[in-house]
Amino acid sequence: GNKMKKYLFWLRKAEEGFSMLELLIYVGIVGVIVSFAVPKYNNAVAMANTAKIQADLQAIDAAITMYQLQNGSNPDDIANDLSEYITHSDQLKPPTGKCILKDSGIEAITATEYTIADSGDEAELQGHTLDKFGKGDAKAS
């Protein structure tokens, strides 16, 4: 009888759940893990956005070259002049979020469309041409 009561007491004690200290330790460990994971995730999103921008700018630059060869002049704007050289040109929009620039690291994407540079022979996003995007000397943080 008495041994059984002691056993039941410990069994009930074990089922009470976490103590406050165990909970604090658990929350602390999860916090440390999250603090490492979030910047990595943000960096991955910025890298994916940068890759899309680079691919889009390459496609537009190729279309500009085709336009120049056929018309002997630079196109005025992407939507009208380059639509026959780019498939689904109406859906060609920059991603939202952040991107990576070689010189200055991570930058927010504020532009909603790609434009033709003042030189007329290449496309740009927020005043940056294809060669400005990607990882460079600047440390991305």
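Predicted model: local features only at pLDDT ≥ 70, side-chain atom pairs only at ≥ 80, totals over all residues.
Residues are numbered from 1 along each chain as its sequence is written, and side-chain values use heavy atoms, with hydrogens and water left out.

**Exercise 1.** Find the salt bridges of the whole structure, and state for D56 whether the residue is buried or exposed.

*Solution.* Step 1: the criterion is a side-chain nitrogen of Lys or Arg within 4 Å of a carboxyl oxygen of Asp or Glu, and the search finds 2 salt bridges.
Step 1: D56 pairs with K52, their closest N and O atoms being 2.6 Å apart, and both residues lie in helix α2 (residues 20-71), 4 residues apart, about one turn of the helix.
Step 2: with buried meaning under 20% relative accessible area, exposed over 50% and partly exposed in between (1.4 Å probe, protein chains only), D56 is buried at 9%, whereas K52 is partly exposed at 34%.
Step 3: D131 and K132 form a salt bridge at 4.0 Å, N to O; D131 is partly exposed at 45%, as is K132 at 35%.

**Exercise 2.** Describe the lining of the largest pocket by residue class.

*Solution.* Step 1: the lining comprises 13 residues, where a lining residue has an atom within 4 Å of a point of the pocket, an open set on a 1 Å grid (1.4 Å probe) with protein on both sides within 12 Å along at least five of seven lines.
Step 1: I78, A79, L92, E113 and Y114 lie nearest the centre of the pocket.
Step 2: the lining residues divide into 6 nonpolar, 2 polar and 5 charged, with Asp, Glu, Lys and Arg counted as charged.

Technical notes:
Helix = DSSP H or I, 4+ residues; strand = E, 2+ residues; numbered from the N terminus.
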